[in-house]
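Could you walk me through reading a ligand site? I would like the general idea and then the case at hand.

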Amino acid sequence: MKNLMIATAATVALMASVTTAQADGQKTFQAACFACHGTGAAGAPKVGDKAAWGPRIAKGIATLEKHALHGFKGDKGVMPAKGGRADLSDADVKAAVAYMVSQAK
Ligand code: HEC
């Protein structure tokens with residue numbers, strides 16, 4: 001019984017941290033990525049556009065994170081490093097990538 005309670009507490013803590021990461025990713029997305037990824041401006045894959053994100057997600061999250069952090073030039077346009085927001089932490093940018101990926105599933 002005691003073990004069960006510990007397991008339950010750990011699950012609740014884990015769920016809380018996952019929720020926070022998603023909220024932060026969404027916040028960063030809205031502040032730093034929405035200008036292009038919210039509208040499809042400059043050739044950016046629009047958030048929630050499964051057709052646009054599918055082949056990108058297939059490259060793997062590590063590749064997407066690398067391209068978001070360091071910049072990427074593809075067939076559609078140029079993704080500036082950190083969306084042009086050098087003040088963002090790597091963790092913020094990765095959370096924003098995770099948010100966009102989660103919206104395309
Ligand atoms: C100035 C416009 C602009 C902003 C701001 C911007 N992006 Fe992008 N992003 C692009 C464009 C354009 C592409 C598509 C490049 C291509 O495939 O030709 C892209 C592609 C991407 C990709 C896919 C890379 C790949 O390998 O397919 C990711 C992930 C990404 N952006 C994340 C982000 C995140 C996270 C932010 C905010 C921190 C952000 N972008 C802000 C323009 C932008």
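The dialogue below goes from the surroundings of the ligand to its metal.

Q: What should I know before starting?
A: This is a predicted model, where local features need pLDDT of at least 70 and side-chain atom pairs count only at pLDDT 80 or more, while totals for chains, interfaces and linings use all residues. Residues are numbered from 1 along each chain as its sequence is written, and side-chain values use heavy atoms, leaving out hydrogens and water.

Q: How many residues surround the ligand, and which are the closest?
A: A residue is near a molecule if one of its heavy atoms lies within 4 Å of it. Here 29 residues surround the ligand, the closest being Cys 33, Cys 36, His 37, His 67 and Met 79.

Q: Which protein atoms are donors of the iron atom?
A: Donors are N, O and S atoms within 2.8 Å of the metal (3.2 Å for Na, K and Ca); water is not among the atoms, so sites may look incomplete. The protein supplies NE2 of His 37 and SD of Met 79, lying 2.0 Å from the iron. His 37 belongs to helix α1 and Met 79 to strand β2, so the pair ties together parts 42 residues apart in sequence. Helices (H or I, at least four residues) and strands (E, at least two) are DSSP runs, numbered from the N terminus.

Q: Why is the arrangement around the iron octahedral?
A: Six donors count as octahedral if opposite donors are over 155 degrees apart and all others between 65 and 115. The six donor atoms here subtend angles of 89 to 179° at the iron, so the arrangement is octahedral.

Technical notes:
Four donors count as tetrahedral if all angles lie between 85 and 135 degrees; four count as square planar and six as octahedral if opposite donors are over 155 degrees apart and all others between 65 and 115; anything else is irregular.
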